[in-house]
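Please walk through this structure with a focus on charge pairing and helix packing. Start with the charged side chains, then turn to the helices.

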Amino acid sequence: MQADTSDIESESPPKGGQKVRLKTLADLDRRTTAARVVFELRDSLASDLGGKANLSVMKLELIDNVACLGAMLKDAAANYLEGKPIDINEFMSLTNAQRRLLADLGLERRALKDITPTLRDYAATQYAGAAS
């Protein structure tokens, strides 16, 4: 799971004068199974936390990381269930990293919009029928 440093831009170009490019999730071909799993999980997590529009950039970054870890864990679990060997230490490390990020985000679902009526609205609806 080492990062491919050839994709990271640096202050000075590598030998040979080639520029390298930093990849992001936006660069992924969304047709792959892995990308679909990451984006579906990312969108579900954001929705559970009140929607992307209501989340800070910091929380969106954490959600991206949680989703990537989730996809990696799902892949490892599927391999294990198919009888293929997995690195249990790596699996547990990913699980713990994801759990810590989820705890940072909060484990409770949040409503997209507060629908609790104000006292004025409640009173207006309760006493509207009594006035007639």
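**Salt bridges and a helix pair**

Aspartate 43 has a relative accessibility of 38%, so it counts as partly exposed, lying between the 20% and 50% cut-offs. The model is a predicted one. Aspartate 43 pairs with lysine 52 in a salt bridge, and their closest N and O atoms are 3.3 Å apart. Lysine 52 is also partly exposed, because its relative accessible area is 41%.

Side chains of opposite charge can pair when their charged atoms come close. How many salt bridges does the structure hold? There are six.

Next, take arginine 42. This residue sits in helix α1, which spans residues 33–48. Arginine 42 counts as buried because its relative accessibility is 13%, and buried means under 20%. Leaving aside residues up to four places away in sequence, arginine 42 touches Leu25, Arg30, Lys52, Ile63, Asp64 and Ala67.

One of these contacts is a salt bridge: the side chains of arginine 42 and aspartate 64 meet at 3.6 Å, N to O. The pair links distant parts of the chain, with arginine 42 in helix α1 and aspartate 64 in helix α2 (residues 57–81), 22 residues apart. Are the two partners buried or exposed? Both arginine 42 and aspartate 64 are buried.

Another salt bridge joins lysine 84 and glutamate 82, with the closest N and O atoms 3.2 Å apart. Lysine 84 is partly exposed, since its relative accessible area is 43%. Glutamate 82 has 56% relative accessibility and therefore counts as exposed. Elsewhere, salt bridges that share partners join Arg42, Asp43, Lys52 and Asp64 into one network.

Now the helices. Two packed helices are described by the angle between their axes and the distance between the axes. For α2 and helix α3 (residues 88–105), the angle is about 150° and the axes are 9 Å apart. Angles over 145 degrees count as roughly antiparallel, so α2 and α3 are roughly antiparallel to each other. Their crossing is left-handed.

Which residues make the contact between α2 and α3? From α2 come, among others, Leu62, Ile63, Val66, Leu69, Gly70 and Leu73. Their counterparts in α3 include Phe91, Leu94, Ala97, Gln98 and Leu101. The residues of this contact divide into 14 nonpolar, four polar and two charged. Ile63 belongs to this α2 contact set, and Ile63 also touches arginine 42.

Conventions
Residues numbered from 1 in each chain as written. Predicted model: local features only at pLDDT ≥ 70, side-chain atom pairs only at ≥ 80, totals over all residues. Heavy atoms only, no water. Helix = DSSP H or I, 4+ residues; strand = E, 2+ residues; numbered from the N terminus. Buried < 20%, exposed > 50% of the residue type's maximum accessible area, 1.4 Å probe, protein only. Contact = heavy atoms within 4.5 Å. Salt bridge = Lys/Arg side-chain N within 4 Å of Asp/Glu carboxyl O. Axes fitted to C-alpha atoms, helices over the stretch in contact; angles between N-to-C directions. Parallel < 35°, antiparallel > 145°, perpendicular 65-115°, else oblique. Left-handed = near helix turned anticlockwise from the far one by under 90°. Nonpolar A, V, L, I, M, F, W, Y, C, P; charged D, E, K, R; others polar.
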